[in-house]
Amino acid sequence: MAACAPTGFDVHTLRDRVRETYDRVALDPSGDFHFHRGATYAASHLGYDADELATLPRVSTDRFAGVGNPIAIAPILPGEVVLDHACGAGMDLLLAARRVGPEGRAIGVDMTPGMRAKAREGALAAGLGGRVQILDGVYESLPLEDESVDVVISNGVLNLAPDKRVVLAEIVRVLRPGGRLQLADVIVQRELTLVARSNPELWAACIGGALPEAELLGFSAEAGLVDGRITARFDAFAGTSAEVKVSKDLRVQGVSFFARKPA
Ligand SMILES: C[S@@+](CC[C@H](N)C(=O)[O-])C[C@H]1O[C@@H](n2cnc3c(N)ncnc32)[C@H](O)[C@@H]1O
């Protein structure tokens, strides 16, 4: 059940709902959503460096909607090629672009036009346009060559995929041997009710499609990744309307997860 689309919704309907939600975030991040956004949340709940975030364009940081901190999982090195495989407005992408330096590249893929536009605007405003590339695409079929990427970063997006196995297989395809996955996502500590899983609004809010921890580890190993481990945990939904809506005892959390492709 956990790896599948929620009952009663086909994949296209679900994708349209997700795109519509994140186009709204792109348009007005201060709107009414079931999840936190922005730099203040990133610093207070997820351990980002507030001073560093303050140096990035607000067009990107205001629209941040991640659930963990992929950049902090392992160092991103000068000269590396980093893919953010649903980059949203690009906050993590810009942090990665700074770390790879002028010899590296930071590639963002996202399916939502409004988010891609904001990520592009952010990259130009940060003076990083020369090393940042923003592509239209879905993470089920990435517009990238096999073995072309050193690091895949991911924040708050695997849960949105109706089929997690396909997404992980794409990550493995584009990673070079020895490459790393630095992923943040939502996990459920207790299986969600069918009602919660079948609610497209909760799915779009990154909760309805979240995996139990054992399944995240299992799917990652099944895809061929090794050394899979949770490296940090975050109370990413504390105080959101989702917490109130589903249950006071929601038991979902953000996690950072590391794995690598064998060399
Ligand atoms: C929760 S937001 C996170 C964005 C970004 N990673 C961040 O941390 O701010 C989810 C993002 O995933 C994108 N997305 C959802 N499903 C996708 C798919 N199948 N392929 C590519 N992007 C997708 C949405 O457009 C949205 O920008």
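Predicted model: local features only at pLDDT ≥ 70, side-chain atom pairs only at ≥ 80, totals over all residues.
Figure 1. Helix H1 provides the largest share of the shell around the ligand, namely three residues. In total, 24 residues surround the ligand, and the closest are Gly66, Ala86, Gly88, Thr112 and Asn155. The elements that contribute two or more residues to this shell are H1, helix H5 (91-100) and strand E2 (105-110). Sorted by class, the shell consists of 15 nonpolar, five polar and four charged residues.

**Figure 2. The whole chain, shown for orientation.** The chain contains 11 helices and eight strands. Its radius of gyration is 17 Å, close to the 18 Å that the globule rule gives for 263 residues, so the chain is as compact as a globular protein of that length. Taken along the principal axes, the box filled by the C-alpha atoms is roughly 50 × 40 × 30 Å. Of the 263 residues, 50% count as buried, and among contacts with a separation of 6 or more, 77% are made by residues 24 or more positions apart.

**Figure 3. The contact of helix H1 with helix H6.** The axes of H1 (residues 11-27) and H6 (residues 113-125) come within 7 Å and cross at roughly 35°. On the H1 side the contact is formed by Tyr22, Asp23, Ala26 and Leu27, which meet Pro113, Gly114, Met115, Ala117 and Lys118 in H6. The residues of this contact divide into six nonpolar, one polar and two charged.

**Figure 4. The nonpolar core and Val152.** In soluble globular proteins, nonpolar side chains tend to be buried together. In this chain the largest nonpolar core has 81 residues, and those with the most contacts inside it are Val82, Leu94, Ala96 and Val152. When neighbours within four places in sequence are left aside, Val152 is in contact with Leu83, His85, Ile171, Val174, Leu175 and Leu181.

**Figure 5. Asp92 and its surroundings.** Asp92 is found in helix H5, and it counts as buried because it has 29 C-beta neighbours inside 10 Å, where 20 or more are needed. Not counting residues up to four places away in sequence, Asp92 touches Gly66, Pro70, Ile71, Asp84, Cys87, Ile153 and Asn155. Thr61 is 31 residues from Asp92 in sequence, and the two C-alpha atoms are 8.9 Å apart in space.

**Figure 6. The loop between strands E3 and E4.** Ser141 is found in the loop between strand E3 (132-136) and strand E4 (149-155), and Glu147 is found in the loop between E3 and E4 as well. Ser141 is exposed, because 11 other C-beta atoms lie within 10 Å of its own, whereas Glu147, with 13 other C-beta atoms within 10 Å, is partly exposed.

**Figure 7. Two residues with positive phi, Glu147 and Asp227.** Most residues other than glycine have a negative phi. Glu147, although it is not a glycine, has a positive phi of about 50°. In Asp227, also a residue other than glycine, phi is positive and near 60°. Asp227 is found in strand E7 (residues 226-234), and it counts as partly exposed because it has 13 C-beta neighbours inside 10 Å.

Notes. Residues numbered from 1 in each chain as written. Axes fitted to C-alpha atoms, helices over the stretch in contact; angles between N-to-C directions. Helix = DSSP H or I, 4+ residues; strand = E, 2+ residues; numbered from the N terminus. Contact = placed C-beta atoms within 7 Å. Nonpolar A, V, L, I, M, F, W, Y, C, P; charged D, E, K, R; others polar. Rg over C-alpha atoms; globule rule 2.2 N^0.38 Å. Buried ≥ 20, exposed ≤ 12 C-beta atoms within 10 Å, placed from the backbone. Near = placed C-beta within 6 Å. Core = buried A, V, L, I, M, F, W, Y, C linked by C-beta atoms within 7 Å.
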